[in-house]
Amino acid sequence: MRIGIIGAGAMAGALGGGWAAAGHEVGIGARSGDAAQTLADKITASAAGVRPGARTTGQADAADSETVASALVRAGGIGATIEWADVVLMAVPVSALAGLLDEHGSALAGKVVIDCTNAFAPDESAPDGTTAFVLSEDAVAERIAAGAPKAHVVKAFNLLAAEVWAGTDRVFDGVRLAVPLCGDDPAAVRTVAALAEDLALQPFPAGGLHRAKYLEATSVFAVGLWFAGADARAMLPPLSAAFAVED
């Protein structure tokens, strides 16, 4: 599959590196051609070794691995990357979305668009010395869908930092790391679910795109707890212990 990644930061590298290691073609599109090429070269070097944890679609001889990896990763401009791709990952700062959608929104028609962004802003009311966040925007995924109305937008991969997706650990306390997906097009959700599985993650549908705002709010809340030194995961019991009696 051709995956076009818009952005050249940590999230682009983490997800792009995993998908290249799994055998997908990855294109990096950025306003800076140098930044796009630098990330493409980094992903190529990483994919040549086939990152542990990724599910590969084919097996190359060791001598050919670098050539194969190089063929799987390309760099280019934003417009060219979108045109080339089957699936587009938005991995840019939220502040860049308006201009990007104004310029390229129509080119996203018919494509699966993955939104992994978060509109974090510092919580100015937090006590001195405490790192905390609020949302500067309540529904980023819905804004992307409005700016590219013929695209199939799926919210995914926004709950955790890029370092987690770049790592090799996928099972914690005996449970595979899961990725909730919000989207309105069933085929697009299935496509993104398959891409999550290629990263050795457990996808699950979490409702339509109108519910993506809750994923965004969950992210800002959980990340704030982690930065404050609290274990956000401890507030949710395992499924076997999670129950309620109807009133």
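Colleague: Phe157, then: buried or exposed?
Modeller: Phe157 has 1% relative accessibility, so it counts as buried. Buried is under 20% relative accessible area, exposed is over 50% and partly exposed is in between, with a 1.4 Å probe and protein chains only. This is a predicted model, in which local features need pLDDT of at least 70, side-chain atom pairs count only at pLDDT 80 or more, and totals for chains, interfaces and linings use all residues. Residues are numbered from 1 along each chain as its sequence is written, and side-chain values use heavy atoms, with hydrogens and water left out.

Colleague: Where does Phe157 lie?
Modeller: In the loop between S8 and H7. Helices (H or I, at least four residues) and strands (E, at least two) are DSSP runs numbered from the N terminus.

Colleague: What is phi of Phe157 near?
Modeller: Near 65°, which is positive although the residue is not glycine. Most residues other than glycine have a negative phi. Ala200 also has a positive phi, of about 65°, and is not a glycine. That residue lies in the loop between helix H8 (186-198) and strand S12 (202-205), and at 6% relative accessibility it counts as buried.

Colleague: What does Phe157 touch?
Modeller: Not counting residues up to four places away in sequence, its contacts include Met11, Leu15, Trp19, Ile114, Trp165 and Val179. Contact means heavy atoms within 4.5 Å. Phe157 is also among the residues with the most contacts inside the largest nonpolar core, which has 41 residues. Another core, of 26 residues, lies apart from it and includes Trp84, Val94, Val113 and Ile144. A nonpolar core here is a set of buried Ala, Val, Leu, Ile, Met, Phe, Trp, Tyr and Cys residues joined through side-chain atoms within 4.5 Å.

Colleague: And Asn158, buried or exposed?
Modeller: Asn158 is buried, with a relative accessible area of 2%. It is found in the loop between S8 and helix H7 (162-166). Leaving out residues up to four places away in sequence, Asn158 touches Cys116, Thr117, Asn118, Leu215, Glu216 and Ser219.

Colleague: Let's do H9. Which of its residues are buried?
Modeller: Ala212, Leu215, Glu216, Ser219, Val220, Ala222, Val223 and Gly224. The buried residues of H9 pack against several elements, including strand S5 (112-115), helix H6 (140-147) and strand S11 (178-183).

Colleague: How far apart are the end C-alpha atoms of H9?
Modeller: They are 23 Å apart, which agrees with the 22 Å that the 16 residues of H9 (residues 212-227) should span at 1.5 Å a residue. The expected span is 1.5 Å times one less than the number of residues. Just after H9, Gly229 takes a positive phi of about 95°.

Colleague: Switching to H2. Which residues are buried there?
Modeller: Ala36, Leu39, Ala40, Ile43, Thr44, Ala47 and Ala48. They cover an arc of only 165° around the axis, which puts them on the same side of H2; the arc is that of the directions from the helix axis to the C-beta atoms. Exposed Asp34, Thr38, Lys42 and Ala45 are on the face turned away from the buried side of H2.

Colleague: Last one: what about the chain overall?
Modeller: Its secondary structure comes to nine helices and 12 strands. Buried residues make up 44% of the 247 residues.
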